[in-house]
Amino acid sequence: MRFRWGAFLLFLLYGGLFFLLLGRFIYIQVTGEVNGEVLQQRAEDKYSRSQLLEAHRGTIQDRNGQVIAEDTLSYKIYAVVSEEATAHAYDPRHVLDVETTAQQLSEHLDLTKEEIATVLQNGIDNERYQVEFGAQGRDISNQEMKEIDALNLPGIEFEKDLKRLYTNGRFASHLIGFAIKEDLEDSRSRLVGKMGLERIYDELLTGTPGTLEYQTDRGGLLLPSSDKLITEPKHGADVLLTNDRTIQNFLEEAVSDVQEMYEPEKITALVVKADTGEILAMTQRPTFDPNTREGLTTNWLNESVENTIEPGSTMKIFTLAAAIEEGKWDPNAWYKSGSYKLLDRTIYDHNVDGWGTITYLEGFQRSSNVSMAYLLEKLGDETFINYIKEFGFGEKTGIDLPGEATGIISDRYPINRLTTTYGQGTTVTPLQLVQGMTAIANEGTMYQPFIIDKIIDPNTGEELLNHEPVTKDSPISAATANQVKDILASTVTSEKGTAQKFKLDSYTSAGKTGTAQIPDPNGNYLWGRQLFLYSFLGMAPVEDPELIVYVAVHKPKIEASEVGSDPTSYIFNYVTENALKYMNILPNESTERQIVEVKNYQGQEVSEVQSSLQAQGLEVIPVGQQGKVSQQFPEGDTTLITGTKVFLKAEGDIILPDMTGWSSREVMIFKEFTGLPIEVTGTGFVVRQSITAGSTATADAPIVIELGNPEEVYNNEPIEMEGEPVEEPVEGE
């Protein structure tokens, strides 16, 4: 009986336990919960992984699609600290020794052993799966990654990352600006624009990251049957500028040379397409490398846009234009130079004794302040100031950049209005001077300067912005503009002109020198040959201006044998001469060449068209030697000058031409026509090609085209200044 009762009690005990467990299993199976926790969710949390798909920050490109700023591959280091990552003891996948790991990583990262150990230990203590090392663990180069990887440290892993690369280094740096990585609240990071276009268009340039979700086993390996859920990233918009990389490089080279030779306090320079207002190049000194920020000072201003200067005698251009438009200019009338008295004030020419009684034309060529004073008498103060305002001074140009300064037209007292005629007292921006000059270059049509050409969404190809040239009301007629242009040309060609040093070798030029006194902090003016602002506002060629160039050099250390126009003319001459050649603007002797009318030749035999065009003096580049013309450049109904290249696409083998002397634009046309794998390096004109001219080109043989300085192509020596020094005027009171 005792045995049976014992067996019965055991049966009840184990049976009860069995049904209790069975009930628990059924409950869990039905509800999927344990202690209020959903098991499926717990499993997903344990084995599900989510990977961020980085969105590329939009590129910044020049007018020809050459990249100025883009994302580039780098690496981010992280440490797996959870033991769950290790499935087998012989293959550890997490950090085993914090001290050893911290010691070896500290030799490669900009962190101390203690700082790294703290990050690792905090991750372990907080039961985190992995930890990162902040900004010091990002932007790791491929070489650095390989060195750390060779240490074979358990748990140390790398993830591909992106950083901002500025391919040209010191290149319009205050315009382009820079972007750097910043940490976000969710432990992620992103590139943030901090200066220039990178900051202005940060929202458009920034993309939206995507995600990749998947499941792994306990060792962190992807399960073969796991489905992947992908949300594609949305990349940032691409910003295309009017800037031309080749012309910008010409400008950077010349400005750097002057910086080294004369050690000025500042240099400001910009190049504008005369007939549209497009800014082709813009730079300043001091400058910096946006990749490292080396050279970046406390001055983050774009000097051409956000800062003002007293322009000096470049302002006389607009005083002259007003006088001509009002019929108050007589170039052959005479006046007494040297000094002029207004009430209790006397102003002087830079030659205080004057040149005696001279004509107004000679006075302008010599940059006489007194001639401007007499013109103001004829114009009247109110009329003169109205013209200055109509040329756009005293207000923003409206350029597509923020922080634009307006300047101040000094017109409160008679003496202020007088000194404004020759650019002292009144303040302007270099951009305003260039805008006013477009009216002179374009027969009275004034253009608003702009730098943004297009903004494109790379995800859809949609143009978010397409900037067309904007004209403004101009205060002068075509006749006045042409007369001013001719007078400006005479300051270069006349033996009495102050701009003789700005004569180009291959093109005609026109412009006005300026020498302005610089205010000191006490409201007085600095005085001395090495304490002035020397400038030049010019254009070329005179017959049909293509470029407007402004250069200002502050306080250059010029020698006793040198004059203020030495540093400014060096920049103007080098940049203008080379840029015009790069743009395929034919030199002066081209006026003797003939005009050829190009028609639409598609469907005609390529050999016949080639012979016909060559007979008319055009240089024909055939892409394929047989059959009929399927494509041509330029298109039909175009007027060309003899010597211009015409590209004809037909059938048959592609014979590689001798590209020596070609511009990068012509190379890109040939590349587009042929579809050949052509890689272009450098800037300027073609100096070398990797495959010999006359060879048959194939798609599997890459062709490297090297561009170089124009002197190498045109066999010119570097531009030198000739003749005796011309005494540079010192305009101002």
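Two strands count as paired if DSSP finds at least two bridges between them. In this predicted model, that criterion applies to strand β13 (residues 266–273), which is joined to strand β14 (residues 279–285) by six bridges in an antiparallel arrangement; within this pairing, the bridge partner of A269 is T283 in β14.

**Strand β13 and its neighbours**

The strands β13 and β14 form a hairpin with five residues between them, and G277 in the turn has a positive phi of about 90 degrees. Strand β13 is also joined to strand β25 (residues 547–554), by eight bridges and again in antiparallel fashion, with K266 standing opposite H554 of β25. The strand is mostly covered, since eight of its eight residues are buried. In a regular strand the side chains alternate between the two faces of the sheet. In β13 both faces are covered: K266, T268, L270 and V272 are buried on one side, and I267, A269, V271 and K273 are buried on the other.

**Aromatic pairs**

The structure holds 18 aromatic pairs, and two of them are set out below.

| Pair | Centre to centre | Angle between planes | Geometry |
|---|---|---|---|
| Y335 and Y360 | 4.9 Å | 35 degrees | tilted |
| F647 and W662 | 5.8 Å | 85 degrees | edge-to-face |

Because Y335 lies in strand β15 (residues 334–336) and Y360 in helix α12 (residues 360–365), their pair ties together parts that are 25 residues apart in sequence.

**Packing of helices α11 and α13**

Helix α11 (residues 316–325) packs with helix α13 (residues 369–379) at an angle of about 35 degrees, their axes lying 10 Å apart, and the crossing of these two helices is left-handed. On the α11 side the contact involves K316, T319, A322 and A323, which meet N369, M372, L375 and L379 of α13. Sorted by class, this contact of α11 with α13 has five nonpolar, two polar and one charged residues.

Methods:
Residues numbered from 1 in each chain as written. Predicted model: local features only at pLDDT ≥ 70, side-chain atom pairs only at ≥ 80, totals over all residues. Heavy atoms only, no water. Phe/Tyr/Trp six-rings, centres within 6.5 Å; stacked < 30°, edge-to-face > 60°. Helix = DSSP H or I, 4+ residues; strand = E, 2+ residues; numbered from the N terminus. Buried < 20%, exposed > 50% of the residue type's maximum accessible area, 1.4 Å probe, protein only. Axes fitted to C-alpha atoms, helices over the stretch in contact; angles between N-to-C directions. Left-handed = near helix turned anticlockwise from the far one by under 90°. Contact = heavy atoms within 4.5 Å. Nonpolar A, V, L, I, M, F, W, Y, C, P; charged D, E, K, R; others polar.
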